[in-house]
Each structure stands twice: as structure tokens, then as C-alpha cells.
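Hello,

Here is the structure for you to look through. My notes follow below it.

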Amino acid sequence: MLSVGLTGNVASGKSTVVRHFAAWGATVIDADHLVRDVQAPGGAVLAAIESRFGSTVLLPSGELDRAKLRRLVFDDDAARADLNAIVHPAVRARRASLLEEADRRGDLIVVNDIPLLFEVLDPDDFDVIVLVDAPEPVRRERLIQQRGLAATDAARMIAAQLPSDGKRARSHVILDNDASLDDLESHARAAWSDLRGRAARAETTPDAVLLAVTAHPDDGRLIAGTLARYVDAGVAVHLVSATGKPEAPAGVTAVALERPGSIAPDDQRAITALVGFMQRIRPHAILTFGPDGGNGDPDHRAVHTWTRRAAAAARITPPIHYITTAPSDPGPPIVAALDVRPWRRDPARTACGMAFDPTRPSPAGPGREWYAGTQAKAPHLTDLFPPANRG
């Protein structure tokens, strides 16, 4: 699990980036929500706040009057330090608990949304620091124009946080937000790709190798999303097609099977060629068609037989993942059902699967990727990885 600290000075656009990351699959832990949770009525934190600042900071309902408390501590360093000493330990404990839960679930990326990360926490507590930044004049203008603050109030709010120059020097990923929202989304997408790659590489066996074997050159389009995820994970991915050089995403070594004969299950020449290829690359995992041929196609069934026989002859015993159908499922047949996040630390690997709904064409290929909580079924599943914002 990659624990990301996401921060940004006021009016930098951090909240917009958080929404993008959440939409693309991140688990988000919001510091403001944690503060509200620990300050709930009946808790030790609220009792300690009342003891220090008096009952006037409570609303008639018994809840904390946050606006009044902010006014009390804004210009009083000692009062603010006392408040932080009450609240921050409880928030840290709650965050640690949520991180443990996310780790047990096998979540890939957890984004900790913390506006004052550099001011109140140690950045070294996180695997990666992401900073959303904009020039101070731009942020001041946003506070005045978008939030309706007076110029003096905007200046005071900006001055209450550390300057961004020092934060930039200590951040791993920086998103500059001094233009349009479309530009910010583009920067966020690039940052998300970087984070996904970091998380994938951290969870993957070093020097892992995946071999995918298909019948036709365009079959690679069906599994392009999955192959791309293995590339993200730092896996060396090889895609072999029996009838010509296959289509493949960036980072995948695509080759045509050497000297194939006929597309028939007993084609020994093709099996021998596959044996030689497997012995050269020594795959840790193999992806090919299932016993049903993926969709019943005889060419696919033949390639399934070749792959199984070649793996046995080459004495390669990695797990074999199948491109298969599920005829018992309702709706259109699945074109593929397999693990899309090989780096996910989940003992029940079937809990993370992918399927393609061939009835939903897209620019990325003949189907869209779908994710299921227990197994890939389609077409009624949550569309977690659409081609437009594949996460």
C-alpha cells in the first residue's frame, strides 16, 4: 500500500485534485473529516477543548462552534498550540487506524488529504508527498473573487501557512495550478499515473516476467488494459501472437510466434516455438485463452492447448490466467476475466478481476474494462476503469 500525503496552501486547488484521485480509485482519508470525528460530542477531545477554552465554544446542541474557536486561536499562538496539543494526537491515532484498515483490505493507494501537512506533521511519515501549488498572487485573487474575502482577510489566511517554496523542495510530486481546471486535471492525471506506478512497483516481485499468448494480432486489444497494469508494476511483459505481430500497449514486447504451422491443437512446430520462447524469458505468469477458447473460437482453443503443452515441456510452472467466458452469467458473454492488479496484496486474488463488455465499444478497443468485488461477471458491474480515465 502506498501512503500519499497530499497537501497545498489555501486556494491552491488541492480539493479538486483530491476529487480526481478519488474518482480514479484512491482511498481518501480527509484530515478535516478526522478532526470533526474526534471533536464529536461525548468524546474526550471535545471535553478537553471545553475545559481549555470554556463552554462558550459550544453550540446549544452541544457541538463545537468551530467558527468561534477559529477566531479565538487565529492570532493567539499559545492558544493555537494548546488546541493542537489536544486535537492532533487523536487525529493521528484515527488516521493510523484507517491506514491499517486500508492495508488489510489490500488498497493500492491511500491519499491523506492534509492541508497543514508541513506545518503540523512529519512528511517522512508518508511514502510520497504530493503538493498542489499556485503563485501567491493567484491564490490571493481566488480567495477574493471566489470566496468573497476582503483583501486583508485573504492576506492573513495566506500568511498563516508556511510559504510554498520550502514545501516544493520537500515534495516528490508537484502539481502547478496557475491556469485552467482542464490543465489541472491533466496535471492530476499525470500525477496519478506516477503514483500508480510507484505503488505497483512497491508491491511487485523484482524482475517478474509475464507472457501473454494470443491467436490473432488484434486479440491484444482485449487485454491491453491488463498488460498496461503489469507494465505499471515493473513487470517485463511479452505478448506473442500465433498469426502475426500483435497490437500491444507501450512497454510490452510484442512478437509473432516463430514459424507457426497450422492453427490446430496438435501443431508441434508451434508448440516447439513456444517452448523455446518460454525457456528464453522464463515467465513468472502466463496469460492465455481458457479451455473454452475464450469465446469458443477454434483458433483460441488451439492456442490454449499449445500454451499448456509448451509450459509443461519447458518445465515452466507459473500460474496460468485464462481469457475466458462465463456462459452461466446473465447478459452478454464476457470476453476476458482476470486479475487486473497483479501487485494487489490480496490472498484471495479472485477478489480483484476484470471483464470486458463487448457491447460497449470504445476508442481503446472493442470493450470497456469492468471491476467486480468478488469476481468478474459483466455487464452490470461498476465501471471503475473506463478508457477515458483509466485509474
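Buried means under 20% relative accessible area, exposed over 50%, and partly exposed in between (1.4 Å probe, protein chains only). This is a predicted model: local features need pLDDT of at least 70, side-chain atom pairs count only at pLDDT 80 or more, and totals for chains, interfaces and linings use all residues. Residues are numbered from 1 along each chain as its sequence is written, and side-chain values use heavy atoms, without hydrogens and water.

Start with N9. N9 counts as buried because its relative accessibility is 3%. It sits in the loop between β1 (2–7) and α1 (14–23). Helices (H or I, at least four residues) and strands (E, at least two) are DSSP runs, numbered from the N terminus. The N9 side chain makes a polar contact with the side chain of K167, at 2.4 Å. Such a contact is a pair of N or O atoms within 3.5 Å; within protein, one must be able to donate a hydrogen and the other to accept it, and residues adjacent in sequence count only if both atoms are side-chain atoms.

Next, α1. Its buried residues are K14, T16, V17, V18, H20 and F21. They pack against β1, β2 (27–30), β3 (109–113), β4 (128–133), β5 (173–176) and α10 (181–202), with contact meaning heavy atoms within 4.5 Å. Just after α1, G25 takes a positive phi of about 115°.

Last, the cores. A nonpolar core is a set of buried Ala, Val, Leu, Ile, Met, Phe, Trp, Tyr and Cys residues joined through side-chain atoms within 4.5 Å. The largest has 24 residues. α12 (268–281) gives the most to this core, with eight residues.

Best wishes
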